[in-house]
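Here is a short tour for anyone meeting this chain for the first time. Have a look at the sequence and the 3D view, then read on.

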Amino acid sequence: MQTYILLLLVMAALFYFMILRPQQRAKREKQALLDALQVGAEISTIGGIYGRVAGLRDEDLDLEIADGVVLRVDRRAVATIVPDQAADALDADEEDALDDEGDEDHTADADDEHDEPVDATDAESGDQGRTT
């Protein structure tokens with residue numbers, strides 16, 4: 001009889017340390033994240049939407065995802081606060097992508113002038129650019 005009681009106590013301790021305690025820790029971390037929210041903070045939601053906090057209320061917040069586009073989001077939907085360094089790196093990557101797109105347009109126009117017309121029968125057979 002005593003072994004059953006001991007086994008029951010061991011199972012209860014395992015349940016506490018494996019399930020309840022990690023849940024409590026995650027809940028505290030999530031609450032600390034929500035308490036740290038400020039207007040102007042860059043966040044991501046659990047749905048994958050990135051934006052800046054435009055306004056805070058008790059249960060929800062206003063999330064500006066583009067100039068003049070504001071979403072009302074429940075506070076519980078906030079996944080992370082994006083660090084400023086990562087946001088600056090994203091802005092730099094977007095600028096580089098825009099510069100690269102402009103360069104590609106000029107080279108594509110120059111290549112189109114030197115292309116020879118392809119016969120429709122060649123295109124169907126997969127022999128593009130070959131003459132028979």
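## Ground rules

A residue is called buried when its relative accessible area is under 20%, exposed when over 50%, and partly exposed in between (1.4 Å probe, protein chains only). This is a predicted model, where local features need pLDDT of at least 70, side-chain atom pairs count only at pLDDT 80 or more, and totals for chains, interfaces and linings use all residues. Residues are numbered from 1 along each chain as its sequence is written, and side-chain values use heavy atoms, with hydrogens and water left out.

## The overall layout

The chain has three helices and five strands; these are DSSP runs numbered from the N terminus, with helices being H or I of at least four residues and strands E of at least two.

Of the 132 residues in the chain, 16% are buried. The accessible surface comes to about 10,900 Å², and carbon and sulfur atoms hold 54% of that (Shrake-Rupley method, 1.4 Å probe; for residues, only the protein chains shown count as cover).

The largest nonpolar core has 11 residues, including Leu33, Ile43, Leu63 and Val73. Such a core is a set of buried Ala, Val, Leu, Ile, Met, Phe, Trp, Tyr and Cys residues joined through side-chain atoms within 4.5 Å. Helix α1 (2-35) and strand β3 (60-66) each supply at least two of the core residues.

What about Thr45, buried or exposed? With a relative accessible area of 9%, Thr45 is buried. Thr45 sits in strand β1 (residues 42-45). Leaving out residues up to four places away in sequence, Thr45 touches Leu63, Val73, Ala77, Val78 and Ala79, where contact means heavy atoms within 4.5 Å. Counted that way too, Val73 touches Thr45, Asp60, Leu61 and Leu63.

## Outside: a nonpolar patch

Now for the surface. A nonpolar patch there includes Leu6, Met11, Tyr16 and Phe17, and its members together have about 1,100 Å² of accessible area. Met11 belongs to helix α1. Patch residues have over 30% relative accessible area and no salt bridge, with like charges joined within 9 Å and nonpolar side chains (Val, Leu, Ile, Met, Phe, Trp, Tyr) within 5 Å; a salt bridge is a side-chain nitrogen of Lys or Arg within 4 Å of a carboxyl oxygen of Asp or Glu.

Tyr16 is partly exposed at 35% relative accessible area, and Phe17 is partly exposed at 48%.
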